[in-house]
Amino acid sequence: MHPEVLAMLRVAVVASPPVSMFNLAIPELLFDKVRVDGDPGYQVVICAPDPGPVPTTGALELHVPHGLEALREADTVIVAGTGEPFAPDPRVLEALRESAATGVRIASICSGAFSLAEAGLLKGRKATTYWEHAEEMRRRHPDVDVRGDVLYAQDGQFLTSSGYAAGIDLCLHIIRTDYGAAVANEVARLALVAPVRPGGQTQFTRTPLPPERGTACADTRGWAMRNLDKPLTLTDLARHAGVSVRTLTRRFHAESGVSPLQWLLHQRIERARELLETTRLSMDQVAAASGLGTADSLRAHLVRRTGLTPSAYRAQFSRHTAASAAGMKQPA
């Protein structure tokens, strides 16, 4: 997001009955944790075609005070998943079309993608939905380029995510687009969820690294994180830990689920991504600061991890350029 854009961004979340409570909770949980210079970064409003009691997919009933007029004031509209996705309310479809015509960013979580498709917003565009619904999306909307095995997809001002927790990835992606990697990573930390995963990652894979399961190597991991710009070797890591290379490798794998060098490469790539998003360093400088060596090495690793070259990644995710590149409406 451009530095001069200081006003809170407004997010309207559409709750079409019977709405998924989990889907509905994700945007409010994550956007509410965004702070920029101590001030809230977003204002989240939940709305429904008929304000008042709204049935959910579970045993609870939700009270929603706002109607679809909330979409007219929004900078981002998110359609939550519903237990009845294949016949969306015509009022929701019309409201989505009106918002799209003004350039507002429109996103969906899980089965909410069917509302975007039925409104005609996904024609000729790549999109995704929960994998169990992918074939139904293709059957009902053959003009949509359905990517059934990714976490989320963005095509212009429209974003769609697959089921359940992929909505977390989508919202973190939006936060990173608006406010940069540092803010998005802090939100992920506060919410106790994984940092932003690339949208092209398959729905069926785990996060890039499994959770750590021990602390014997914690000091060495911390030391390595502070020295990523240096040409660290297995011997260097073992020397710091005060153990043999064999013992280090065994302990590291037991705690982190990967070898020391796999873990180190992952951290180098993550550092490079953050530098691309938050600085204007040259590609050679990013490669050196992250320990990847050369710009060619940076390019090879980043393309393998994200499918994007460093320059394309910076253009898409940099806090300096992302908002304008997305072509979305900016708040007054």
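Reader: Which residues have the most contacts inside the largest nonpolar core?
Author: V13, L24, L30, F31, Y42, I78 and I175; the core has 39 residues. A nonpolar core is a set of buried Ala, Val, Leu, Ile, Met, Phe, Trp, Tyr and Cys residues joined through side-chain atoms within 4.5 Å. Buried means under 20% relative accessible area, exposed over 50%, partly exposed in between (1.4 Å probe, protein chains only).
Author: Some ground rules: this is a predicted model, where local features need pLDDT of at least 70, side-chain atom pairs count only at pLDDT 80 or more, and totals for chains, interfaces and linings use all residues. Residues are numbered from 1 along each chain as its sequence is written, and side-chain values use heavy atoms, with hydrogens and water left out.

Reader: Is α5 mostly covered or mostly open?
Author: Mostly covered: 14 of its 14 residues are buried. G180 follows α5, and its phi is positive, near 100 degrees.

Reader: New topic. How many salt bridges are there?
Author: The structure holds 16. Each is a side-chain nitrogen of Lys or Arg within 4 Å of a carboxyl oxygen of Asp or Glu.

Reader: Which residue does D178 pair with?
Author: R105, at 2.8 Å from N to O. D178 lies in α5 and R105 in strand β8 (residues 105-108), so the pair ties together parts that are 73 residues apart in sequence.

Reader: Are those two buried or exposed?
Author: D178 is buried, at 1% relative accessibility. R105 is buried too, at 3%.

Reader: And what does R239 pair with?
Author: D236, with the closest N and O atoms 3.3 Å apart. Both sit in helix α8 (residues 234-241), three residues apart, so about one helical turn separates them. R239 is exposed, at 58%, while D236 is partly exposed, at 23%.

Note on methods. Helices (H or I, at least four residues) and strands (E, at least two) are DSSP runs, numbered from the N terminus.
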